[in-house]
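User: Please walk me through the packing of this structure.

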Amino acid sequence: MTTVGNIQFAPRDVIPRNLDSIARRFVEHDTTAQSSGSFRPRTADEFPHIRSLIANDNLRQVAPTAATERKDRGPYVLADTGRFYPFDPRPEDVRIQDIAHGLAMSSRYNGAGRRYYSTAEHSVLIANWIWWHASAVEALCGLLHDAPEPLSGFGDVLRPVKDRAPIIKETETDIWRRAIAPAFGLPLELPAIVHEADSRIIADEMAANMSDVDPSYRDPLGVELQFWTPDEAEENFLKTFVQLQNMTAPANDDHYPQHDREASAADRAYQMAKEDAV
């Protein structure tokens, strides 16, 4: 995968060259009489412009029309850098920039918090906590566990509502299994520790940013919300993604403030002590 700025281009050897629009241009301007009975297939040698294009390594795929794409793949979501088809999800359509930007612009709890708190920050906090308790792969799953949300078109739907609308969960699960997991080499099922962290962090988030706390969430992770701006959340999400993909450094080395690193270390010590006491 080649990256230019924020745009990723798939390797040319996996994208079929589509010369349909080029060929159509020649056909539409072809003035040869069709009634002469001399119709025959043309070769590239007879069209030097096409030959030069085929030989050009910088030839880009000619995109199909929007009408054709809708017919072939169903409705699409217009993400930050391009289209994503939630009912025909494919790994080649997954772009980390779309995920980071979409989650950074999405407010948790339907925007009901006292301060802006993004789904991207929620995901980074979970990834950071998992890093201290499990593997980097599981931490990366934690970072991307909500990645289907900006790609599905549904966004961050409140859990009680999602439970009553099966199509939302079904679509998100399909996007994870068919597109996101294969794109990043992750398991098709989210690890149990991701589900644990995603549920327990609700207690931290409600206590820090909501007018009421659901008493059913009584076991917080012990993380500290940072209330990043959308730009900060997007940047930190992408940094965490790169670090976890490389699997060479903790998820919080560069962009976490010192007090949060200390909180994470204290949380790990607390968890270890609690486990020893059981």
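User: Which residues of α10 are buried?

Analyst: This is a predicted model, in which local features need pLDDT of at least 70, side-chain atom pairs count only at pLDDT 80 or more, and totals for chains, interfaces and linings use all residues. Residues are numbered from 1 along each chain as its sequence is written, and side-chain values use heavy atoms, with hydrogens and water left out. Buried means under 20% relative accessible area with a 1.4 Å probe, protein chains only. In α10 the buried residues are Ile193, Val194, Ala197, Asp198, Arg200, Ile201, Ile202, Ala203, Asp204, Glu205, Met206 and Asn209.

User: How are α4 and α5 oriented to each other?

Analyst: The axes, lines fitted to C-alpha atoms over the stretch in contact, of α4 (residues 96-104) and α5 (residues 119-133) come within 6 Å and cross at roughly 110 degrees. Angles of 65 to 115 degrees count as roughly perpendicular. The two helices, α4 and α5, are therefore roughly perpendicular to each other.

User: Which residues make the contact of α4 with α5?

Analyst: Contact means heavy atoms within 4.5 Å. From α4 come Ala100, Leu103 and Ala104, and from α5 come Thr119, Ala120 and Ser123.

How values were computed:
Axes fitted to C-alpha atoms, helices over the stretch in contact; angles between N-to-C directions. Helix = DSSP H or I, 4+ residues; strand = E, 2+ residues; numbered from the N terminus. Parallel < 35°, antiparallel > 145°, perpendicular 65-115°, else oblique. Buried < 20%, exposed > 50% of the residue type's maximum accessible area, 1.4 Å probe, protein only.
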